[in-house]
Amino acid sequence: MIERYIRDVPDFPKPGILFKDITPLLQDGPAFAHCIDQLLALVPPSSYDVICGIESRGFLFGAPLALRAGKGFVPIRKPGKLPYKSVSQSYDLEYGTDRIEIHVDAVAKGQRVLIVDDVLATGGTMGAAVKLVRQVGGTVAGTCFLMELLFLNGRQRLSDVAVHSLVKY
Ligand code: AMP
């Protein structure tokens, strides 16, 4: 059902990439609500204490899921966006590297964290997010995605954490 609200955009942001566009899903109230309900059912809220969302599309699903689950929300952001003391992790892109950051006091020691993003592709972004959460003392309860691009084998890179995804391509 959610697949119907995901639009494939070829050659975005560059040639050869088939972009999974979530904006039709966000635009439709009942479909968006149903999607959050499905994420809620996918990972038992008793298994985590707080949700971490990865900027920026991870915020769009992580924050409503946190609200529905009655948990707090922690942003993992692009470099230079967080106002307080932060730690950062870099990760490889097809060309060059990128970086994400988290506040040093974002999670309490041993707190169980569910990390949320929209798409699992190569797993590089989530791999860096897992390291960040551990760096600030959190325990990674699992990772959760709306979509998983199976042919990119992102799961292999995340072999030491639980990986949950709603739709597999
Ligand atoms: P990766 O680090 O390779 O797993 O890429 C994951 C990040 O890139 C996620 O934050 C996604 O939002 C984005 N991403 C990667 N591939 C796609 C795609 N085909 N469509 C939409 N977003 C993508």
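The ligand takes up the space of the largest pocket. Here a pocket is an open set of points on a 1 Å grid over the protein atoms alone, where a 1.4 Å probe fits and protein lies on both sides within 12 Å along at least five of seven lines; lining residues have an atom within 4 Å of a point. A molecule sits in a pocket if more than half of its atoms lie within 2 Å of its grid points. The structure is a predicted model, in which local features need pLDDT of at least 70 and side-chain atom pairs count only at pLDDT 80 or more, while totals for chains, interfaces and linings use all residues. Residues are numbered from 1 along each chain as its sequence is written, and side-chain values use heavy atoms, with hydrogens and water left out.

Several polar contacts (pairs of N or O atoms within 3.5 Å) can be followed by eye. An N or O atom in the side chain of Thr125 is 2.6 Å from an oxygen atom of the ligand. The backbone also takes part: an N or O atom of the Ala121 backbone lies 3.0 Å from a ligand oxygen atom, and one of the Leu18 backbone lies 3.0 Å from a ligand nitrogen atom. On its own the ligand has 480 Å² of accessible area, and the protein covers 80% of it; such areas come from the Shrake-Rupley method with a 1.4 Å probe.

The largest pocket holds about 1,200 Å³ of space, a volume being the space filled by probe spheres set on the grid points, which are joined across faces, edges and corners. Its lining has 34 residues, of which Ile17, Arg57, Leu93, Ala121 and Thr125 are the closest to its centre. Two or more lining residues come from each of β2, β5 (86–92), β6 (97–103), β7 and α4, and β7 gives the most, with 4 residues. The lining divides into 17 nonpolar, 6 polar and 11 charged residues.

The second largest pocket contains about 190 Å³ of space. Among its 14 lining residues, Gly124, Gly127, Ala128, Lys131 and Arg157 are the closest to its centre. Both β5 and α4 give two or more residues to this lining, with α4 giving the most, 6 residues.

In the loop between β1 (7–10) and β2 lies Pro13, and the peptide bond from Phe12 to Pro13 is cis, with omega near -5°. Asp11 is also placed in the loop between β1 and β2, and its phi is positive, near 60°. Another cis peptide bond joins Glu55 and Ser56, with omega about -10°; Ser56 lies in the loop between β3 (50–54) and α3 (57–69).

Terms used. Polar contact = N/O pair within 3.5 Å; in protein donor to acceptor, adjacent residues only side chain to side chain. Nonpolar A, V, L, I, M, F, W, Y, C, P; charged D, E, K, R; others polar.
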